Amino acid sequence: MAALCSEFGDLVQIKKQLISVISLCKERGLVHSVKWASELAFALDPLPKDELPPPPVVTEEDVQDLDAFALAKSYFDLKEYDRAAYFLRGCHSQKAYFLYMYSRYLSGEKKKDDETVDSLGPLEKGQVRNEALRELRVELSKKHGAGELDGFTLYLYGVVLRKLDLLKEAVEVFVEATHTLPLHWGAWLELCNLLTNIEMLKSLSLPDCWIKDFFMAHIYTELQMIKEALQKYQSLIEAGFSKSTYIISQIAVAYHNIRDIDQALALFNELRDQDPYRIENMDTFSNLLYVKSMKPELSYLAHNLVEIDKYRVETCCVIGNYYSLRSQHEKAALYFQRALKLNPRCLGAWTLMGHEYMEMKNTSAAIQAYRHAIEVNKRDYRAWYGLGQTYEILKMPFYCLYYYRKAHQLRPNDSRMLVALGESYEKLSQQVEAKKCYWRAYSVGDVEKMALLKLAKLHEQLTESDDAAQSYIIYIQDIFSCGEQLEHTEVSTALRYLGQYYFKNKLYDEASLCAQRCCDYNDAREEGKALLRQISQVRDQIETPSTELFAPLSDNNTPVKRVSPLNLSSFSP
């Protein structure tokens, strides 16, 4: 923290740098970087007049290109990219050259998107390419070799390489761009999208600049290293960025990623109070409202976003979630398709559309949607998990195992991935691996309270009665401690088994207690009564004192811990 504070010691200097980079990005039409830097600058105190940074240095070439640049920039702002490029083709200044190349790139992107939307359905986007990319690469490569690219053109060269799937070269160029112009957030963000694991991150030589801390926090969130990300964001808040809506939104997304739903909802509500017309990240907010089945709130959010801008990707995703919550899956899928027409690289829309096709039992369309999500971002565990579920429906366990493993690698401490892996191993008769998965799922905090139950049933199938009993006991105590025993019908299954187990081991007091508790559940009542009758008959013949509750555990691969005898007397279903 001390090191971080020293970097952020002079907030006045940081504010000056932000104002300068806003001006530079604005001239070049890099609107997203302008927005990011402006939001950050807004969170810092205003500068006095005499502290404002001087305007950028104007070169002789800038003066010569001034009129052509002003004209081309006006066309660029109106999205007339070919026209802008035409009037810049003879310019020599760095600024004009960047806008010339960037206009050509965006023209190709616009034509590609138009062709994608016009000719193909959202699931069959095919191989529509930006035809300008190869030419741009050749030209930028020559300039790069001659060392003539500034920080902005290096960024554009990296984008072109990424679009051509030359990812290793793209990473190198983006790292060079961050060294040449550390304050351009766009280059850091592009670099973040190319890093797939922490080893790649550690191998990079990045510039020591205050902006690096924002990058590290962002990449930690992307790599599901949420604890580290939250620590970074907390440090940034303490360093002076407490008013930043960007940081609040990022922390909310981080809490969403670790399924701390209440904390994430509180932060999103705070964000809405501070920035009521914000659309960015509202699709994530709607995911949380969906999970909590908050229909009125989701409806209000959808109507509110439609009033602000109904042709935004996030708005379409929010409406899709609203219809999905109302079980109108065809309508939901339609809105996710609309989102993809607006932005074919929208990760959330591909994944959510996969979920809707799953609900509609259209497995082939679901598989295509999930695969597109993975193309957009290989770190999207939901898409890998969705593919696993789809192949589970298709009864293809080897495929399931592959995709669930991928999801588990991305979310090693998510119990749902571990339970799904365990089920796949079980179907493939790899019981030892299945047991390990179920026990690990319980150890990391079983979200759905199913891991121990599945572990107990697996022990039961393998006639490992001591281990089955142990697992059932921990399961029941877990359910009772959460106060959920009435909702959990499987408690009766556990009680039935334990009643018979204790009876066979001549522990009649414990067997009697389980049998009595069975009578509280409709599906186990008759068996409970029958067991009580059996216990009564045995007791009439002989009175056996209750001894040590369990014999030593059988030696197997499940690390089941010793537990105290089952005590249900303090709970009343």
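Helices (H or I, at least four residues) and strands (E, at least two) are DSSP runs that are numbered from the N terminus. By this definition, the chain has 31 helices and zero strands. The structure is a predicted model, in which local features need a pLDDT of at least 70 and side-chain atom pairs count only at pLDDT 80 or more, while totals for chains, interfaces and linings use all residues. Residues are numbered from 1 along each chain as its sequence is written, and side-chain values use heavy atoms, with hydrogens and water left out.

Confidence is the next topic. The term pLDDT denotes the predictor's confidence in each residue, from 0 to 100. The chain averages a pLDDT of 85, and 89% of the residues score at least 70. Over residues 568–573 the pLDDT is below 50, and this stretch has 14 contacts in the model beyond near neighbours in sequence; a contact means heavy atoms within 4.5 Å. Where pLDDT is low, the predicted coordinates should not be read in detail.

The chain as a whole can now be described. Of its 573 residues, 53% count as buried, where buried means under 20% relative accessible area, exposed means over 50%, and partly exposed lies in between (1.4 Å probe, protein chains only). Among contacts with a separation of 6 or more, 60% are between residues 24 or more positions apart. The accessible surface of the chain comes to about 27800 Å², of which 51% belongs to carbon and sulfur atoms; such areas come from the Shrake-Rupley method with a 1.4 Å probe, and for residues only the protein chains shown count as cover.

Most residues other than glycine have a negative phi. K361, in the loop between α21 and α22 (363–376), has a positive phi of about 65 degrees although it is not a glycine. K361 counts as exposed because its relative accessibility is 66%. R259 is likewise not a glycine, and has a positive phi of about 60 degrees. Its place is in the loop between α15 (245–257) and α16 (261–274). R259 counts as partly exposed, because its relative accessibility is 33%.

On a 1 Å grid over the protein atoms alone, a pocket is an open set of points where a 1.4 Å probe fits, with protein on both sides within 12 Å along at least five of seven lines; lining residues have an atom within 4 Å of a point. The second largest pocket has a volume of about 740 Å³, a volume being the space filled by probe spheres set on the points, which are joined across faces, edges and corners. Of the 25 residues that line this pocket, the closest to its centre are R259, V291, H355, R382 and R416. Helices α17 (282–291), α19 (313–325), α21 (347–359), α23 (381–393) and α25 (415–427) each supply at least two lining residues. The largest share, six residues, comes from α23. The lining divides into eleven nonpolar, eight polar and six charged residues.

Finally, K163 lies in helix α9 (residues 151–163). K163 is buried, because its relative accessible area is 15%. Leaving aside neighbours within four places in sequence, K163 is in contact with Y105, E109, K112, R129, L133 and R345.

Definitions and conventions
Ala, Val, Leu, Ile, Met, Phe, Trp, Tyr, Cys and Pro count as nonpolar, Asp, Glu, Lys and Arg as charged, and the others, Gly among them, as polar.
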